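Subject: Structure for your study

Dear colleague,

Please find below the structure that I would like to hand over to you. My notes on what was found in it follow directly after it.

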Amino acid sequence: MSDGRDAASDAEAPGPLPQPGDVHAAAARLAGHAVETPLLRADALDERIGGRLLLKAEPLQRTGSFKFRGACNRLLQLDAGAKANGVVTYSSGNHAQAVALAARLVGVPAVIVMPRDAPAVKIAGTRRHGAEVVLYDRNSEAREALGKRIAEERGATLVKPYDDFNVIAGQGTVGREIVRQCDAIGCRPDAVIVPAGGGGLMAGTSLAIADAWPEARLHTAEPQGYDDHAMSFERGQRVGVSGAQGQSFCDALLAPKPGALTFPINVERVHSGVAVSDAEVGAAMRAAFMHLKLVVEPGGAVALAAVLAGKIATAGRTVVAVLSGGNVDLATFRAVLTQGDGPQAT
């Protein structure tokens with residue numbers, strides 16, 4: 001799941017793509033670092049969809065989102081020289097916090113480029129883990145250019161939020177755990193739905209799921225106005241969206257185009273993409289809170305929103321949805337719980 005609005009250019013060569021074996025290697029590397037998050041269910045949600053719904057609870061991951069998996073897998077492989085020079089990344093929050101914590105664990109300095117309007121809880125979390133935060137104006141500055149310049153000036157390693165071989169492999173451990181956990185309860189899902197911004201979580205997860213369950217239908221979920229994966233799957237090529245097409249409070253999913261590395265993986269494995277409104281996301285956040293006792297951020301709730309809003313077939317089927325993160329400002333979460341339809345986009 002992406003944290004921001006930039007994507008790699010179409011001219012950028014994809015390079016080597018991770019394979020299922022790279023996900024398995026990442027799982028071994030992350031043992032003792034990342035949390036194996038639970039697969040949850042609730043009778044009320046099963047009754048609502050007329051099927052069986054299993055929810056992968058990544059808000060319970062370190063730093064509150066799946067992003068720690070990819071960041072840690074990437075940083076654990078830095079050589080001594082790279083560790084000395086540190087790392088740089090750009091993110092609206094979840095990848096930022098993940099890189100900050102992973103850098104602290106590995107013992108390397110980290111500089112994080114974040115938009116000034118990122119949720120305060122995400123900026124505070126990044127600083128709490130010891131990273132240097134550089135704020136920018138997303139309306140007038142390009143985060144990729146700023147991050148690249150800082151990395152070059154300091155001789156640091158640039159860790160991209162989703163278009164990185166080892167980040168994708170690390171995110172794939174979400175899918176690997178889903179396979180293991182479902183096998184343990186004798187379950188074989190008909191469909192798996194995953195939030196998508198740049199597509200890194202879906203890419204890694206799809207490697208593990210398609211390898212184990214080739215018959216399972218895979219779907220991405222995105223906010224309305226940022227359904228670039230849905231459009232790209234329909235056309236068979238990366239298609240971008242304009243921010244003018246709509247705003248969303250799903251701040252973690254506002255990438256305008258699928259990643260150059262992630263899309264070649266996803267287009268071969270994902271059946272379709274669906275989009276949800278902020279009101280549908282708010283309803284999903286309330287459902288997670290009421291029935292699972294779990295705090296889920298807007299971007300982290302889009303897959304559940306898609307299921308509850310009937311965007312994919314569920315009657316008589318078993319569906320797995322990934323809840324990708326739980327880093328939401330208190331004011332936003334309070335508004336979702338009390339206003340009924342959640343905050344409206346402006």
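About 160 Å³ of space lies in the second largest pocket. The volume is the space filled by probe spheres set on the points, which are joined across faces, edges and corners. Please note that this is a predicted model, in which local features need pLDDT of at least 70 and side-chain atom pairs count only at pLDDT 80 or more, while totals for chains, interfaces and linings use all residues. Residues are numbered from 1 along each chain as its sequence is written, and side-chain values use heavy atoms, with hydrogens and water left out.

The lining of this pocket consists of A27, L30, A31, G32, A34, V35, E36, R69, T173, R176, E177 and R180; a lining residue has an atom within 4 Å of a point. Two elements, α1 (20-30) and α9 (173-184), each give two or more residues to this lining. Helices (H or I, at least four residues) and strands (E, at least two) are DSSP runs, numbered from the N terminus. Helix α9 gives the most, with 4 residues. By type, the lining divides into 5 nonpolar, 2 polar and 5 charged residues. Here Ala, Val, Leu, Ile, Met, Phe, Trp, Tyr, Cys and Pro count as nonpolar, Asp, Glu, Lys and Arg as charged, and the others, Gly among them, as polar.

Two of the lining residues, R180 and E36, also meet through their side chains in a salt bridge (3.1 Å, N to O). A salt bridge is a side-chain nitrogen of Lys or Arg within 4 Å of a carboxyl oxygen of Asp or Glu. R180 lies in helix α9 and E36 in the loop between α1 and β1 (39-40), so this pair ties together parts that are 144 residues apart in sequence. R180 counts as partly exposed at 41% relative accessibility, and E36 counts as partly exposed at 44%. The terms are set as follows: buried means under 20% relative accessible area, exposed over 50%, and partly exposed in between (1.4 Å probe, protein chains only).

The structure holds 14 salt bridges. Another of them joins the side chains of D251 and K122 (2.8 Å, N to O). This pair links distant parts of the chain, 129 residues apart, with D251 in the loop between α11 (228-235) and α12 (262-266) and K122 in helix α6 (residues 120-128). Both D251 and K122 are buried. R188 forms a salt bridge with E215, the closest N and O atoms being 2.6 Å apart. Because R188 lies in the loop between α9 and β7 (191-195) and E215 in the loop between α10 (200-212) and β8 (217-223), the pair ties together parts that are 27 residues apart in sequence. R188 is partly exposed, with a relative accessible area of 48%, and E215 is partly exposed at 44%.

M290 has its place in helix α13 (residues 278-292). The C-alpha atoms of M290 and A44 are separated by 9.9 Å, although the two residues are 246 residues apart along the chain. A44 is found in helix α2 (residues 43-49) and counts as partly exposed at 31% relative accessibility.

Finally, I turn to the backbone. Most residues other than glycine have a negative phi. T63, however, has a positive phi of about 70 degrees. T63 is found in the loop between β2 (52-57) and α3 (67-75) and is buried at 14% relative accessibility. K293 has a positive phi of about 60 degrees, and K293 is not a glycine. K293 is found in the loop between α13 and α14 (302-308) and counts as exposed at 64% relative accessibility.

Yours sincerely

How values were computed. On a 1 Å grid over the protein atoms alone, a cavity is a set of points where a 1.4 Å probe fits but cannot get out, and a pocket is an open set with protein on both sides within 12 Å along at least five of seven lines; lining residues have an atom within 4 Å of a point.
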